Amino acid sequence: MEPQVLLDLKNVNKVFGNNHVLRDINLQIERGKFITFLGPSGCGKTTLLRSIAGFYTVDEGEVWIDGKQVNDLPPYKRGTPMVFQEYALFPHMTVFDNIAYGLDIKKRPEEEIEKRVKGALAQVKLTGLEGRYPHEMSGGQQQRVAMARALVMNSPIILLDEPLSNLDAKLREEVRVELRGIQQDLGLTVIYVTHDQLEALSMSDYVVVFNKGAIDQYGTPHEIYYEPRTQYVADFIGTTNFIEATVLEHNEREALVSYGKETPTKVLAKVLVNKGEQVLLSVRPESLRINHPDGGEFCIRATVKSSMFLGEKERYFLEDNAGKEWIVDAYDIGQTHYTGEVVITASADKLHLIKKNND
Ligand SMILES: Nc1ncnc2c1ncn2[C@@H]1O[C@H](COP(=O)(O)OP(=O)(O)OP(=O)(O)O)[C@@H](O)[C@H]1O
């Protein structure tokens, strides 16, 4: 049986001059999954992708693909094609020739090239368009040609570096769904680089969140969103409210914490904490409720300062007695519009304990 782990990165480090760009990257990626590298510009996502593809050699650590250590192999021997932002299609070549390019270089027989290119075209649903030139196709179609070019090589992993950033918002959404569909239908292993959190959450099986060259969290989109492990992840993904708290007691799953004048509350704690440690509780705007009859363990008085209509929800900006700001999303639009002094509540299972940033 093929090993489940397709890509294994062991303690990977990369330095450019005195810029330590990748720090102790340890990551295992399973076959057939869609993985996203997410993080702000300059955090090392592209550098790691290029190190996997073989365009960069790592300064320390090991890169294993399909059970083979590939540190010393050049890109063409690793079989990990990259699809770039601008697709890098040859403008003077037809779709067929663009897709056949890698096989031509490898001097494969003509009949085999014909068969494989047609197969790849069918996989990305472009059969019949092989005679067109890139400028005669939409952005989304060009994107699919770029995918077909990777598929035709029967590569174990396809690496995509912000491939949708040239498309307008609506087309981006369409192509996102298409790309994910192709990946799932064909059981491909895809690593996708983006700085767009929505893209990461909506497309991936797993998201890797980068923070200054290191991995802050690796998890499913749901875990990354609802159980951020660090202040950085909670802050980077979506909008959240932080509450300063002190740990009174803890075990491996829960902690009893106190915050402000409120009575101590038990919260989920998936990170290791110490008694007396100052921590943060993160609670998403949609997990807080305004003037709700059922209340919740967490409860605080605040005054509505302003609100914003966002289609399916109304976003409220509030301030408590200590001057702290709160963001709450209400979905009972049209029924109530909150003003003045209100009570904000949340049940304790919506409060997630996270460690404070060290820096
Ligand atoms: N070839 C290179 N030579 C020197 N420094 C580089 C090189 N490539 C990247 N860097 C530096 O490494 C750091 C990480 O860059 P990288 O492109 O990996 O970030 P990124 O997270 O992909 O950001 P972006 O989304 O902007 O591409 C940056 O400080 C960048 O300037």
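**Domains.** I looked up how the protein is divided and noted domain 1 (5–229) and domain 2 (239–354). I am working from a predicted model. I took the centres of domain 1 and domain 2 over C-alpha atoms and found 38 Å between them.

**Ligand shell.** Next I listed the residues around the ligand. I found Phe-16, Asn-19, Val-21, Gly-39, Ser-41, Gly-42, Cys-43, Gly-44, Lys-45, Thr-46, Thr-47 and His-195 surrounding it. I then checked which elements give two or more residues to this shell, and wrote down β2 (19–30) and α1 (45–53). Of the elements, α1 contributes the most, with three residues. I sorted the shell by class and got eight polar, three nonpolar and one charged residues.

**Helix pair α5 and α6.** I turned to helix α5 (residues 139–151) and helix α6 (residues 169–186). They pack at an angle of about 25°, and I have their axes 10 Å apart.

Which residues make the contact? From α5 I noted Gly-139, Gly-140, Gln-143 and Met-147. From α6 I noted Leu-171, Glu-174, Val-175 and Ile-182. By class, I put the residues of the contact of α5 with α6 down as four nonpolar, three polar and one charged.

Terms used
Residues numbered from 1 in each chain as written. Predicted model: local features only at pLDDT ≥ 70, side-chain atom pairs only at ≥ 80, totals over all residues. Near = placed C-beta within 6 Å. Helix = DSSP H or I, 4+ residues; strand = E, 2+ residues; numbered from the N terminus. Nonpolar A, V, L, I, M, F, W, Y, C, P; charged D, E, K, R; others polar. Domains from an automatic or database assignment. Axes fitted to C-alpha atoms, helices over the stretch in contact; angles between N-to-C directions. Contact = placed C-beta atoms within 7 Å.
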